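Dear colleague,

I am handing over the structure below, and my notes on its aromatic contacts follow. Please read them alongside the coordinates.

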Amino acid sequence: MKGTKKILAVLAAGIIMMPALAQARHAEDKGAAIVRTDRTAAHQQVKGASDTKILDRIKNILQSRDGKQTQDEQNPQGLARWDMDSRDEGGTLIFSDSPEYVDQNGILYQDSVKGDARVLFYHLNNTSEPKKLAVVLKNEYNGANTVTITRGGNGQPSSDYLKVGKATQLEYFSQEKNQKIDLQPGMSRLLQENMNMTILQPGELTYGVFDFHADHSVLVSVIMLDAYGDPVTAVSNLPVLPKDEMRLRGTFKGMNRVLSARKVYNPGEDGGVYFMLADNKSDKYRKGIDATDGSAVTNYGNYGINYRIELPVQDGDVDYYLSPLGGVYAGAMRSFQATKTYTLFPTPGAREYFGDRTAPETDTMQAQREAGKWQLAQNTELAPLGESIGKGETVFEFSPPGASNLPVAVVMLPKK
C-alpha cells in the first residue's frame, strides 16, 4: 500500500516465518494499525476449506431491516463503529518473546512477582540441537510460599506455528486449574513438571500462557537449555540473553483489559456495528519495563493481555463474528451469557486458520474504518461467535494469539 507503513511482526507479534526470514520482523511502531505477515506456501494451502458465504447473510440481514431506508441499506455491507470504554486491571504480566529465535542456552526473561500474575512465553529453537524450554519459580520469601496455578495452556512444540497458537488458546480458555506448588525458603521448582520432559526440536516453536497466584515473591525465569539438562539446577548458571531488535519482553502491570460498550446495543435501530481489538488506535498497546535492563518496552499486539468484552443488548437477537484484518489468524475465544457457563469458539471453527483470503485494505479503506465506517469487501472473512437472544449482556474473553496477525474486528449484526 502506498503512503502507509505497516508493521511486520513475527510470530508472537504476528508473523509466520521460517528462521531464515527473521530479518523481516517487527518494525518500530509508527502508529500503524496493521500487523501483517509474509505468508509461506504451506500456510496458503487450506485443507478442507469451504466458503461460508457469511457476507451474503450480512447483506440480506441489513437489507431486510424493518424496511427502513438507511445508509447501510443503500450500502448494505457498511458497518458503523461501536464505541468502547477501556480500563486495565488485574495482576502482573510476565512476557517472554525476545529473543524469539533462540540460538543459545540462557535466560530469556526474568523478573520477580507476587500476587496475581500471568506468564507468557513464545520462543523457537533456532539451534541445530534439541532443547528444553522451561519456566522456573524460585521462592524469594524467607518462609514457606505457595504458588497456585489457576489457568493455563501450552500447545505441543511444532514447526506449524499457527497450530501451536490455536492449541494453546483452546487449552487456556477451556478450563480453570487449581494446581498448587509449595516452595520452601530459597527453593526452586518448575511451573509445570512436564517441561522437564518436553523436547523442542530444531525449528520448533513453543508457546504457553499460565495464570497463577503467588502468596509471596517468586523469581520467574524463562530459560532454554540442553535437552538432557535439569532446568532447576541449570538456571543459576545461565546468562541473561540480550533481547533481539523487536524487544518483545517485559513486565506489564494490569494484565487484564476490560472493554465496555458505551451504550446498550439496539439491533433494530443501530444496525450492523464493529469495534477493533489490538489496533493501537482505539485499543492501545501496553507499555512496560524490561526488568533485565530497566528499559521501557511496548507490547506490540497486547500479547498476554486477557480481554473481557462487555456487550449489553437492549432487545432483539444478535449474531457475533470475528474478522482478522492483518493476515492469517488462528485462536480461540469464549463467551458468557447470563450464567457462569461459557461457550468456547475456535477462531475459526471450520478451518485451522483464516484471514488469508481477506484482501489487504487500501489506505482509503483503512482511513474510513478508523474514522468509523467499515466497508466490508466481498472476500472479508468472518468467524461466527454465536448469538444472543433478547435483552441481556454478552461477555467475550479474548487474548491475541501467538502466531497470528492483528488487528481483528468484532462484528455485531441484527439476526434476521
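Phe121 is buried, at a relative accessible area of 1%, where buried means under 20% relative accessible area, exposed over 50% and partly exposed in between, with a 1.4 Å probe and protein chains only. This is a predicted model, in which local features need pLDDT of at least 70 and side-chain atom pairs count only at pLDDT 80 or more, while totals for chains, interfaces and linings use all residues. Residues are numbered from 1 along each chain as its sequence is written, and side-chain values use heavy atoms, with hydrogens and water left out.

The structure holds eleven aromatic pairs (rings of Phe, Tyr and Trp, the last by its six-membered ring, with centres within 6.5 Å; planes under 30 degrees apart are stacked, over 60 edge-to-face, the rest tilted). One of them is stacked, because the rings of Phe121 and Phe210 have centres 6.4 Å apart and planes at 15 degrees. Since Phe121 belongs to strand E7 (residues 106-125) and Phe210 to strand E12 (residues 205-226), this pair ties together parts 89 residues apart in sequence; strands are DSSP runs of at least two residues, numbered from the N terminus. Phe210 also counts as buried, at 3% relative accessibility.

Tyr307 and Phe398 form an edge-to-face pair, 5.3 Å centre to centre with 65 degrees between the planes. Tyr307 lies in strand E18 (residues 306-313) and Phe398 in strand E24 (residues 392-398), so that the pair links distant parts of the chain, 91 residues apart. Both Tyr307 and Phe398 are buried.

With regards

Note on methods: Helix = DSSP H or I, 4+ residues; strand = E, 2+ residues; numbered from the N terminus.
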